Amino acid sequence: MERDASEPVAGDGERNAEEPVVSLAEVLAENEELEKEARAVLGGSDHERCSYSQGAVKRQALYACSTCTPAGEEPAGICLACSYECHGTHKLFELYTKRNFCCDCGNSKFKNLQCKLLPEKAKLNPANKYNHNFYGLYCVCKRPYPDPEDEIPDEMIQCIICEDWFHGRHLGAVPPDSGDFHEMVCQACMDRCPFLWSYASQLAVPTVTKVSPAAEDGAMLNVEEDEEMKKENGTDCHVKTKEEKAVPSNQPSTSSGTECSEAVKNETTCRLQELQTKQHLKTNTATFWPHNWRSKLCTCKECTKMYMDLEVSFLTDECDTVLAYENKGTSDQEADRRDPLMDTLSSMNRVQQVELICEYNDLKTELTDYLRRFADEGTVVKREDIQQFFEEFQSRKRRRTDQMQYYCS
């Protein structure tokens, strides 16, 4: 690994010259990236207070407890805080995020558990929607993820209507590069919302579609492209904008920027009727949509009523997207966030900085090994577990210090 000669290096004079070294900047950058991913996943979810008091939360991180509601029982979802406080030692399925959901923890679906954070709850939340994700199963193949029996590396993509997750190979078409689209609508939801086909011919990102049995083995692929779409949008959908490039490929594809607008104005003319006069192709595949495609949906009175009848009114709300949720959570935490490590480092000389890096590397290695056990067992890490780790870490550190002296140079 290369390093900047101006940066301090963790190591001592007796270490093997071939041993990888790491700069302070690299350590901090890696730590920052991990923190950024965690902030994005948890967004604005509260880790201390049950979300039940907020009613049907617009979007939040959700979990399902296999210990309390296994297969065969009624499905149930719990908020982030309840996953820590009430189900910390249970086997949980991480559902990423769901929209318009009210925490079920401790209601009548949980026969032997009362919510520790909010014991008084209604017996059921009838407005909640559930699918097989709540039993740890995903896609049309109804398999777990990760799947120990599946040796094919594949990306999981979430449908923004049903919110199920799908293997890329089970969408009826080869998905575009993840940076070229921001949201996906699965085949079943396209069939349920056929009006989207009129928009797809003008807005959807072109896909690579299988056209023969030989294509299953990658022998023949047919690229469907709509030149008219490119002309109307004024851009080539395969050319990434600055905002699109900022979306990491391993994150669920979304369609909102940093800011979003909830205001929807009724239009006097119907965009959908205009599109329906043009010829469009309907295929038995999922569709992939670019940045800000939702803003191009018609909001006339007839279309607004149609969205309500189909229970997809959220499509006209760009604040509904996963990316908007992630960006809000990140910005909220960044506003109040201070970096005590950088404040401390700025007051240290080089020797002290290098010693800190040695301590950091030890802590990172031991903490990673400690947390891996929880990941393997599928259990939630509780506050008490972290406290126990640091107590044991400090004890080991004191014993090492008493037995020997070491220097970093």
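Are R59 and E163 buried or exposed? In the predicted model, R59 is buried, and E163 is buried as well. These two residues form a salt bridge with each other, in which the closest N and O atoms lie 3.0 Å apart. The pair links distant parts of the chain, since R59 belongs to strand β1 (residues 57-65) and E163 to the loop between β4 (156-158) and β5 (165-167), 104 residues apart.

The structure holds 16 salt bridges. Through shared partners, R59 and E163 are joined with R99, E183, R294 and D320 into one network of salt bridges.

A further salt bridge is made by the side chains of K129 and E311, with an N to O distance of 3.0 Å. K129 is located in the loop between β3 (92-101) and β4, and E311 in the loop between α8 and α9 (322-335); the pair therefore ties together parts that are 182 residues apart in sequence. K129 has a relative accessibility of 54% and so counts as exposed, the cut-off for this class being over 50%.

The side chains of D150 and R169 also meet in a salt bridge, at 2.6 Å from N to O. Because D150 lies in the loop between β3 and β4 and R169 in the loop between β5 and β6 (173-174), this pair ties together parts that are 19 residues apart in sequence. Both partners are partly exposed: D150 has a relative accessibility of 22%, and R169 has a relative accessible area of 28%.

Attention now turns to the nonpolar residues. In soluble globular proteins, nonpolar side chains tend to be buried together. The largest nonpolar core of the model comprises 37 residues, of which I161, M184, L196, Y199, W289 and L315 touch the most other members. At least two residues of this core are supplied by each of β7 (183-185), α3 (187-192), α4 (196-203), α7 (271-276), β10 (287-289) and α8 (301-310). Helix α4 gives the most, contributing five residues to this core.

The contacts of L196 can be listed individually. With residues up to four places away in sequence left out of the count, L196 touches I161, V185, M190, W289, W293 and L297.

Technical notes: Residues numbered from 1 in each chain as written. Predicted model: local features only at pLDDT ≥ 70, side-chain atom pairs only at ≥ 80, totals over all residues. Heavy atoms only, no water. Core = buried A, V, L, I, M, F, W, Y, C linked by side-chain atoms within 4.5 Å. Buried < 20%, exposed > 50% of the residue type's maximum accessible area, 1.4 Å probe, protein only. Helix = DSSP H or I, 4+ residues; strand = E, 2+ residues; numbered from the N terminus. Contact = heavy atoms within 4.5 Å. Salt bridge = Lys/Arg side-chain N within 4 Å of Asp/Glu carboxyl O.
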